[in-house]
Amino acid sequence: MPVRNLQPEGDVQKVQDIEVREPSCEDRLVRGLREPTTTSGNLTKTDWTRDGMSDHGCAHFGAFVKEYGLEPFSVVHAYFSVCINKEARRRKALSCLCFKCGGSGPQLYSCLHCIYFGCKGAHIGEHCKQTKHYIVLELSYGMIYCHQCKDFIYDAECQAIAEKHIKKEAKSLNKSLSWRPWSPSKLEIDLLLKNPKRRHVTAVTSIGLRGLLNLGSTCFMNCIVQALIHTPLLRDYFLSERHECTAKTAAKCLVCEVSRLFQEFYSGARGPLSLHRLLHLIWNHARHLAGYEQQDAHEFFIATLDVLHRHCKISMTEMAAAAAAAAEKSNKPPPPPPPHQDSNPTQCNCIIDQIFTGGLQSDVVCQACNGVSTTIDPFWDISLDLGEAQNQGYGGPPKSLIDCLERFTRAEHLGSSAKIKCSTCKSYQESTKQLSMRTLPIVASFHLKRFEHSSLIDKKISTFISFPAELDMTPFMSKKKSDQPNPSTSSTSTSSSSHSSKSKSSDRKQQHQQAHQSNDEATTADASGDFRYSLYAVINHVGTLDAGHYTAYVRHQKDIWVKCDDHIITTATLKQVLDSEGYLLFYHKKVLEYE
């Protein structure tokens, strides 16, 4: 079997071809490696045979590093664990086999003392016992294992070497880095050491729960804030202090105020909070909501997202400009653009769009030539009608959220009074229109249109609409373009009152459509996609159209629900949540795909 001798090349060893006999302990990874003796430095024989690892780490690994250094780990990890280049991948495929059975896994170990590969269990264990080579490397994940202590070993220097190798592997394969678990930076470690006090979250903890004072018909605002505070990814973003803002705009920045609210909610205090600063900022940036009269919670939700989105973009622009100015002043190259901005300059990457923005596909089919005109609009929520269906063939008003979504995505004949000019026929023709979900956001919010306004009468629809705790959106996703006859994509974007919020600006629609045009021939509703959602917040309206009150149910922890009624927080059951009337429904995606 071709085995390799190792020569130094930078921080990684270079493997050269040599032909050797059946591998034995005399075949060394590093020139000059010696058999470990029963005593090494201050380590006695009784230390080597001690079962279990001490509080100070593995003594056997310490002795190994003292005698051989970290070169054996660096070489084996670079060539047989992650494979930093094409040659390493070739050599691993040829020689990385169990020397006992000839197998390639499923879990292979490599002795760090000598050239020996063995399967997990008896094969590598037998080698360790016979040779007293206790330090081995698990090749699938690159973890060091001590056979004497029967435990895996973490070493900071080895971890740093491994991270370098992983980056080299990604560069060699021209791919992005695979997902890596979070590890604290030096600054975060120093902060943890300086602040040893910890807050332990238990099943009965009240951390994250705060009542909100009613400032005079502001229950609509309190409910929306409770829903946003309990949005998992939004909470993680603000509690990790990811938002940065310049001193120039911080006082007027709504995102900074929301960040402060998250800190207040999770400070451990129990007293109710006053949202007067938040209300003042909303009044300044959304003038149509100013005043002390009762407002619509859905309208406030959309306005809040819009202001947060605009302020995030302002902050990102100002911070990028400040970083570029600092780099220019110090004669350093400018910092790289944020993720996705280089490949898709028209797509916003702020936290609001990352969590709440989806894409709604509208397919208009010409009845004369069957040509399809497709447009894609961004949405922050889906507004669902509860009244009688306009088109024939759909019996009665909907009774569940699924009914509403089926009606929302059902093909609709536009009729002779709403002819659309066909780009193929070059004339106005009757057509059918069908909506579907092109892309789904992380948080899917549904607005049940209970308030009906007409020229004759304004009324509230109090019909009970059932909604599930777990929702699968797969049936409502867009089909492949190849499934549709004669596809042709329109260059303009149309809006529908049932899904487009009036506070969204037209430039966001144009940006979102341009971002999708390069992917028009691909399908978003891939068969392997997971479109399951879990309910985490429900906002209800109690009373009439003229005199009513908003309350909210939010999921505090797994299977733990609470009812938020302004400053009063009480426990609730899932049955109470599902039996409620429902006005705004918030669902969180169960499985998040890494980009």
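These legends accompany close-up views of a predicted model.

**Figure 1. The protein chain as a whole.** The chain has 595 residues, and buried residues make up 45% of them. Its secondary structure consists of 16 helices and 24 strands. Among contacts in the chain with a separation of 6 or more, 66% are between residues 24 or more positions apart. The accessible surface is about 31,300 Å², and carbon and sulfur atoms account for 53% of that area.

**Figure 2. Cys83 and its closest cysteine sulfur.** The cysteine sulfur closest to that of Cys83 belongs to Cys96, at 7.8 Å. A disulfide requires two cysteine sulfur atoms within 2.5 Å, so the sulfur of Cys83 is too far from that of Cys96 for a bond. Cys83 is buried, with a relative accessible area of 5%.

**Figure 3. Cys114 and Cys111.** For the sulfur of Cys114, the closest cysteine sulfur is in Cys111, 3.7 Å away. This distance is also too far for a bond. Cys114 is buried, at 1% relative accessibility. A search of the whole structure finds zero disulfides.

**Figure 4. Trp561 and its surroundings.** Trp561 lies in strand β22, which covers residues 560–565. The residue is buried, and its relative accessible area is 5%. Apart from neighbours within four places in sequence, Trp561 is in contact with Leu535, Tyr536, Ala537, Tyr553, Val554, Arg555, Thr571, Ala572, Leu574 and Val577.

Key: Residues are numbered from 1 along each chain as its sequence is written. This is a predicted model: local features need pLDDT of at least 70, side-chain atom pairs count only at pLDDT 80 or more; totals for chains, interfaces and linings use all residues. Side-chain values use heavy atoms; hydrogens and water are left out. Buried means under 20% relative accessible area, exposed over 50%, partly exposed in between (1.4 Å probe, protein chains only). Helices (H or I, at least four residues) and strands (E, at least two) are DSSP runs, numbered from the N terminus. Contact means heavy atoms within 4.5 Å. Accessible areas come from the Shrake-Rupley method with a 1.4 Å probe; for residues, only the protein chains shown count as cover.
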